[in-house]
Amino acid sequence: MRVILLLAIVIAVVSAVKRYDGYKVLRVTPNDESDLAWLKNLEFQSRVEIWNSLRRFNHPVDIMVSPETEGLVTGFLAGRGMDYTVMIDDVQAKLDGQTLAKPPSGGQIAALGDFQYDVYHTYDEIKQWIDDMAAEHSTVVTKFPLTTSYESREINGIILSTGADPKKPIVWFEGGIHAREWISPATVMFISKSLVEDYKSGVQPVVDILNGFDIHIVPSLNVDGFVYTHTDDRLWRKTRSDLMPNFGCIGADPNRNWPYEWGGSGASPWPCTNTFRGPNPLSEVEIKGVVDYLTGLKNSGRQIKMFIDWHSYSQLWLAPWSFSSTEPYPPDYFDQDNLAGAAITALESKHGTKYRKGASARLLYEAAGASCDWAYGTLGAKYSYVVELRDTGNYGFVLPAEQIIPTGEESYEGIVAGLEYALNN
Ligand code: 0X9
Ligand code: ZN
C-alpha cells in the first residue's frame with residue numbers, strides 16, 4: 001500500500017505541470033538604450049523573462065518575475081529610476097482561468113461540425129481537425145504531410161485549392177511556431193474554416209482570392225513545444241530538441257533558426273536562453289520541414305506570393321527586415337506597407353482593435369534568423385510578414401478563450417483585405 005502511495009506521489013511530482021503561483025508580469029518603460037540593455041541582461045541571467053515583442057526604449061517592456069526575484073528586480077528598477085506597473089498580478093490565476101475543449105462524453109474528439117472554435121485545443125484535436133477539414137470539404141481542402149517533429153510527431157497542413165493550376169501563386173500561413181502563443185493556431189484554424197465556408201457560399205472577394213491563390217496552411221508547426229505547453233509548462237516557447245546536451249538545456253528558438261542572416265543580432269548563441277538560435281541554421285527539423293517544402297514548390301516553378309508567420313502578442317503587422325534596423329528598406333516595402341495598412345484598417349473595422357505596422361527590426365528589435373527575412377530574402381515571397389495577434393499585455397500569452405472568436409473574426413477581415421491587395425499588386 002505504502003509503495004503504491006509513494007509511486008502515486010512520485011508520478012504526480014514527475015508529471016506535474018509547472019506552476020506560476022505569485023509570478024507577476026511588470027510593465028517597465030526603459031528610459032534609454034542602456035536601460036534596455038540592462039533589462040536584456042537580466043533576462044540573460046534568467047532573473048526575468050521578457051514577454052512582449054516591443055522592446056524599444058520609450059516603449060513598455062513586459063517582464064515576468066518570480067516571487068523569489070520580484071524584490072530584487074523591483075529594487076534594481078527603483079535604483080535605475082525606472083517606473084513600473086503590474087500588468088498581471090498572479091500568472092497562475094490567469095492560467096487557471098484558461099478553458100480547454102471538453103471532449104464529448106465517450107472521450108472522443110468532436111467531429112468537424114461540432115468543433116468548438118471558442119476554446120483552445122490539444123495537438124491531437126488539431127490533427128483531427130486537419131483530417132476532418134480534408135474529409136468534409138474535399139472539393140477545396142487537401143491534407144499534406146509537412147515533416148516529422150524532433151519527438152516524432154506528424155506535422156500536417158491543409159491546402160485550400162479550387163483547381164489544379166500550376167500557375168497559381170501560393171500563399172503560406174504557419175501558426176504555432178512559438179509554443180505558448182496559443183491564439184496563433186486557434187486563429188489560423190478560424191481563418192481557414194472561414195475562407196472555405198465563404199468560398200463555398202460564394203462570398204466575394206473570397207471567391208476571387210481562392211480562384212487566384214492556392215493557400216497552404218500549417219496551423220501548429222512547433223508541435224513538440226505545443227504538447228509540452230499542455231503537459232509540463234504552459235509558458236514554453238522553444239522547440240524540444242536536445243542538440244547541445246553539455247549545456248543541460250532543451251530547445252532552440254525556431255524563429256531564430258531560419259537560414260537568412262542566421263546568428264546575427266538578437267539571436268542568442270546560448271542554449272539556455274529563450275532566443276537560442278540553435279547550433280546551426282535549420283538545426284530544428286520543424287523549420288527545415290518548412291524550408292524544404294517551400295523551396296521544393298519554388299523549384300517546381302511555383303511563385304510564393306505571401307508568407308505569414310502568426311504569433312502573439314502585441315498587435316503588430318511586421319514586414320522585413322528583422323535582422324537589421326539599419327539595412328535599407330526592402331525594394332518591395334512600399335507595397336508591403338500598403339498591404340499591411342489595408343489589412344490593419346480592415347481588422348480594426350471589425351471590433352475596433354488597433355494594430356501597428358512597420359519594418360520588424362525598426363518597430364521592434366533586431367532578430368536575425370527570423371522567418372519573414374528568409375521568406376522574403378531567399379524564397380522571394382513579396383508579401384512576407386510576422387503578425388503579432390492580441391492582446392497588448394493584459395493577458396499576454398494567456399489570452400482568455402472568450403477572445404478566440406473575436407480575434408479570429410478581425411484577423412479574418414484583415415487577411416481577406418490583405419489577400420485582395422496581393423491579388424491586384
Ligand atoms: O521575437 C520573435 O520571434 C517575435 N516576437 S514574439 O514575441 N512572438 O516572440 C518577433 C519576430 C519578428 N520576426 C520577423 N519579423 N520575422
Ligand atoms: Zn512568437
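The shell around ligand 1 comprises five nonpolar, eight polar and four charged residues; here Ala, Val, Leu, Ile, Met, Phe, Trp, Tyr, Cys and Pro count as nonpolar, Asp, Glu, Lys and Arg as charged, and the others, Gly among them, as polar. This is a predicted model, in which local features need pLDDT of at least 70 and side-chain atom pairs count only at pLDDT 80 or more, while totals for chains, interfaces and linings use all residues. Residues are numbered from 1 along each chain as its sequence is written, chains are lettered from A and ligands numbered from 1 in the order in which they are written, and side-chain values use heavy atoms, with hydrogens and water left out.

**First stop: ligand 1**

Select ligand 1 and the 17 residues that surround it, each with a heavy atom within 4 Å of the ligand. The closest are Arg237, Ser360, Tyr365, Cys372 and Glu388. Next, colour strand S9 (304–312), helix H12 (371–377) and strand S12 (383–389), each of which supplies at least two residues of the shell. Helices (H or I, at least four residues) and strands (E, at least two) are DSSP runs, numbered from the N terminus.

- arginine 237, at 2.5 Å;
- asparagine 255, at 2.9 Å;
- histidine 178, at 3.3 Å.

The protein covers 100% of the 430 Å² of accessible area that ligand 1 has on its own, by the Shrake-Rupley method with a 1.4 Å probe.

**Second stop: the annotated span**

Select residues 119–422, where an unreviewed UniProt entry places the feature "domain: Peptidase M14"; such annotations may be inferred rather than shown by experiment. The end C-alpha atoms of this span lie 31 Å apart, and the span is 37% helix and 16% strand.

Most residues other than glycine have a negative phi, and most peptide bonds are trans.

Select leucine 282, in the loop between helix H8 (223–231) and helix H9 (285–299). Leucine 282 is not a glycine, yet has a positive phi of about 65°.

Move to tryptophan 321, in the loop between strand S10 (316–319) and helix H10 (333–351). The peptide bond from proline 320 to tryptophan 321 is cis, with omega near 5°.

Finally, select aspartate 391, in the loop between S12 and helix H13 (404–424). Arginine 390 and aspartate 391 are joined by a cis peptide bond, with omega about 0°.

Notes:
A polar contact is a pair of N or O atoms within 3.5 Å; within protein, one must be able to donate a hydrogen and the other to accept it, and residues adjacent in sequence count only if both atoms are side-chain atoms.
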